[in-house]
Amino acid sequence: MKALSVFHRRWFLLVLAGLAFVGFLDATYLTAVHYMGEVPVCSVVKGCEVVTTSAYSMVPMPWGTVPISLLGAGYFITLALLLFAVWDSGKRILLKGALWLAAAGFAIALFLFYLQFFVLEAVCQYCLVADTLSIVIFALLAGMVQSRRTLGR
């Protein structure tokens with residue numbers, strides 16, 4: 001990735017925050033549908049009902065189980081706010097935090113892709129959107145951080 005100017009880096013951070021917000025909306029939709037007791041309507045692929053009702057769609061917590069989409073919504077809104085904070089303050093520690101959070105999202109997204117394609121053999125279009133956004137955000141953010149290191153900024 002070609003080194004970005006400070007001006008372009010700031011706008012790039014807003015774009016990444018916007019992508020994270022789209023992920024938040026996607027995961028929030030899945031969470032709302034779950035709590036309404038419905039299955040999301042899949043128009044592009046078949047399999048949303050298999051993926052969103054599988055044992056893998058719920059995560060055990062000390063107080064009970066929650067839909068993984070709720071954790072995804074929390075992840076995406078936290079990432080969006082963190083990226084916006086980096087945009088606003090320029091603090092390197094916040095950028096590192098955003099990168100670590102995005103790296104965790106990247107790893108989880110890869111695992112969720114694996115579950116959909118190889119374990120469940122079903123695909124949810126909304127899950128694909130969230131997982132793809134996690135991967136893209138991490139890749140772009142890592143590229144931006146690497147270009148900053150290369151320039152020594």
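Predicted model: local features only at pLDDT ≥ 70, side-chain atom pairs only at ≥ 80, totals over all residues.
Let's start with Ser 69. You'll find Ser 69 in helix 3, which covers residues 68–89. Is Ser 69 buried or exposed? Its relative accessible area is 11%, and since anything under 20% counts as buried, Ser 69 is buried. So what does Ser 69 touch, once we leave aside its neighbours within four places in sequence? The answer is Ala 27, Leu 30 and Thr 31. With Thr 31 there's also a polar contact, side chain to side chain, at 2.9 Å.

Okay, staying with helix 3, let's look at how it meets helix 4. Helix 4 runs over residues 92–120, and the two helices pack at an angle of about 150° with their axes 9 Å apart. Angles over 145 degrees count as roughly antiparallel, and that's why we call helix 3 roughly antiparallel to helix 4. The crossing itself is left-handed. On the helix 3 side, the residues making the contact include Tyr 75, Leu 79, Leu 82 and Val 86. On the helix 4 side, among them are Leu 94, Ala 98, Leu 101 and Gly 105. And what kinds of residues are these, taken over both helices? The contact of helix 3 with helix 4 has 13 nonpolar residues, four polar and no charged.

Gly 105 sits in helix 4, and at 7% relative accessibility it counts as buried. Not counting residues up to four places away in sequence, Gly 105 touches Tyr 75 and Ser 134.

Last stop is Asp 131, over in helix 5, residues 125–151. Buried or exposed, this aspartate? Asp 131 is buried, because its relative accessible area is 6%, and the cut-off is under 20%. Leaving aside neighbours within four places in sequence, Asp 131 is in contact with Ala 109, Leu 112, Phe 113 and Gln 116. Which of its partners makes a polar contact with the Asp 131 side chain? That's Gln 116, through its own side chain, at 3.4 Å.

One more distance before I sit down.

How values were computed:
Residues numbered from 1 in each chain as written. Heavy atoms only, no water. Helix = DSSP H or I, 4+ residues; strand = E, 2+ residues; numbered from the N terminus. Buried < 20%, exposed > 50% of the residue type's maximum accessible area, 1.4 Å probe, protein only. Polar contact = N/O pair within 3.5 Å; in protein donor to acceptor, adjacent residues only side chain to side chain. Contact = heavy atoms within 4.5 Å. Axes fitted to C-alpha atoms, helices over the stretch in contact; angles between N-to-C directions. Parallel < 35°, antiparallel > 145°, perpendicular 65-115°, else oblique. Left-handed = near helix turned anticlockwise from the far one by under 90°. Nonpolar A, V, L, I, M, F, W, Y, C, P; charged D, E, K, R; others polar.
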